[in-house]
Amino acid sequence: MLIECRDVCLAYENHIVVKGLSFTVDSGDYLCVIGENGSGKTTLMRALLGLKDVSGGSIEFRDGLKMHEIGYMPQQNGAQRNFPASVREIVLSGMTGRSGFGLFYSKHDKEEAVKCMERLGIYPLRDRSYRELSGGQQQRVLLARAACAAGRLLLLDEPASGLDELASEELYGLISEMNRKQGVAVIMVTHDVNRALRDATHILHLHKDETFFGDKESYAQCSVCSHHVHAGGCREEKCD
Amino acid sequence: MTEALNTLIDIFSLSFMVRAFVTGALISLCAALLGVNLVLKRYSMIGDGLSHVGFGALAAAAAMNAAPLKVAIPVVIITAILLLRLSESGVIKGDSAIAVVSSCALAFGVLVVSLTSTGVNLNSYMFGSIYAVSEDEMILSIVLTVSVVLLYAVFYNKMFAVTFDENFARATGMHAEVYNMISACLTAVTVVLGMRLVGSLLISSLIVFPPLIAIRLCSTYRKTVIVSAVSGVMCVSAGIIISFLIDAPASACIVLTSLAVYAAACIIKKLKGQVCRHRNG
């Protein structure tokens, strides 16, 4: 077991976003977090990363999981899109957390970064400026940076937002591959329920009153899913 | 040619000009380096806010007959840390927090100066007096420059990670707040010393112009940092020489020289873009 959340409560200034949330993540799992806007998906992500304190309950790292073994791919913000940095610089920055008090990148760090870039097919772009890349390429760069940092766990927040179908298909493919081939556990926030049901092993559905956590087979038969159909979050045929 | 050389020799034979040059070049180097991160994180107005606070503190120091730098530097450092905290916590949006703090500090300073008859020259705080830089200020600027350059040289990779994506840096186990705190303190000292150079009304130009020029021209972070530092030093040096030659205020010359260089950078970028498109199309 990598992460155990017990009765977690998350709140912003007296406004409770998530309460009574319990779930676990094992190594090799692929957990998709779904739910409507405002249901607390991103807040949960921030809490897992230690960027936000929990108001109740506990989030524990098990099995010796360390902060610097977690890779994180945040939603892109506007300031980043025009940032003057090369692809290589950004991917390498994924290694800074791991190097601890080390100030410079070691040879090993650089080789790891090259491997990540090759795996995600952005090695030919390594000297290009980030701001000149297409949206899909930028997302890949951020994924490569996360992959550099991810020893055992990868957290993704809407990785495919703003991408066209082809580019998001490719990106999801790369994420599944990292999960299957390198055995990296994945926790992904997504709007795309169809995609979640295809790749994930487990589903966490956040909803005001009922929260669902379980493997995807039991999710397909669960009643919370029907809420989601009413909310217009997914197409009916996939929720049968 | 010899005439121009003679003028330069004339300029550097004056000890106040040498002090002005050394301090000007060092402060602009610091401002340009720290500015890269401030501009990229959309915190450029922090420099402006801090300078107004610095003005208030200097006015208060003059009224109390205290040493101006000893009062202004701690006050501005504390403000920098508070502003940083405030924008991070999201209680008040960063830009409105800065607007409130800076206008109140300016009002306070003006009031103090007008109520106490200290004979303080408002102009020299507002618009700088680079030719009146003291020995102490020059030494302080050397210490400051060494700290800033060390920060960038030693923590270069960490600074990049924190600037590009603070959340990611924190999430992967880096102490982003430490780096933010250090750069806030150094920015505060830079702003107080920079007030001497170009005054509290124009100091943000030292922080904002060089990074903007560099961001226009460069494609990598490393180049951006270097070009920003070089262009900062060059604009201030050129501005001082021009001001000496045409006998005009140094601050105005420095700011307008920066503007001219920025405009040139924009034009270069445009032309380059057209050449690229021409080639590709």
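Strand 8 of chain A (residues 202-206) is mostly covered, with 5 of its 5 residues buried. Here, buried is a matter of counting: 20 or more other C-beta atoms, placed from the backbone, within 10 Å of a residue's own, while 12 or fewer makes it exposed and anything in between partly exposed. This is a predicted model, where local features need pLDDT of at least 70, side-chain atom pairs count only at pLDDT 80 or more, and totals for chains, interfaces and linings use all residues. Residues are numbered from 1 along each chain as its sequence is written, with chains lettered from A and ligands numbered from 1 in the order in which they are written.

**Strand 8 and its partners**

- Both faces of strand 8 of chain A are covered: A:His202, A:Leu204 and A:Leu206 are buried on one side, and A:Ile203 and A:His205 on the other.
- Strand 3 of chain A (residues 30-35) runs parallel to strand 8 of chain A, joined by 5 bridges; across this pair, A:Cys32 sits opposite A:Ile203.
- Strand 9 of chain A pairs with strand 8 of chain A in the antiparallel sense, over 4 bridges, and there A:Ile203 stands opposite A:Gly214.
- A hairpin of 5 residues links strand 8 of chain A to strand 9 of chain A.

**The sheet as a whole**

- In chain A, 6 strands make an open sheet with mixed pairing, in the order 5-6-7-3-8-9; two strands count as paired if DSSP finds at least two bridges between them.
- Strand 5 and strand 9 (212-215) of chain A are at the edges with a single partner strand each, so one side of each has no neighbour in the sheet.
- From one strand to the next, the twist averages 15°.
- Strands (E, at least two residues) and helices (H or I, at least four) are DSSP runs, numbered from the N terminus.

**Around strand 5**

- Strand 5 of chain A runs parallel to strand 6 of chain A (residues 153-157), with 4 bridges between them; A:Ile70 has A:Leu153 as its bridge partner in strand 6.
- Helix 5 of chain A (residues 135-149) lies across strand 5 and strand 6 of chain A, at about 165° to strand 5.
- Angles run from 0 to 180 degrees between N-to-C directions, using axes fitted to C-alpha atoms, for helices over the stretch in contact.

**Where chain A meets chain B**

- The contact takes 23 residues from chain A and 25 residues from chain B, counting two residues as in contact if their C-beta atoms, placed from the backbone, lie within 7 Å.
- On the chain A side, strand 5 (70-73), helix 2 (78-81) and helix 3 (87-93) each supply at least two residues, and helix 3 gives the largest share, 3 residues.
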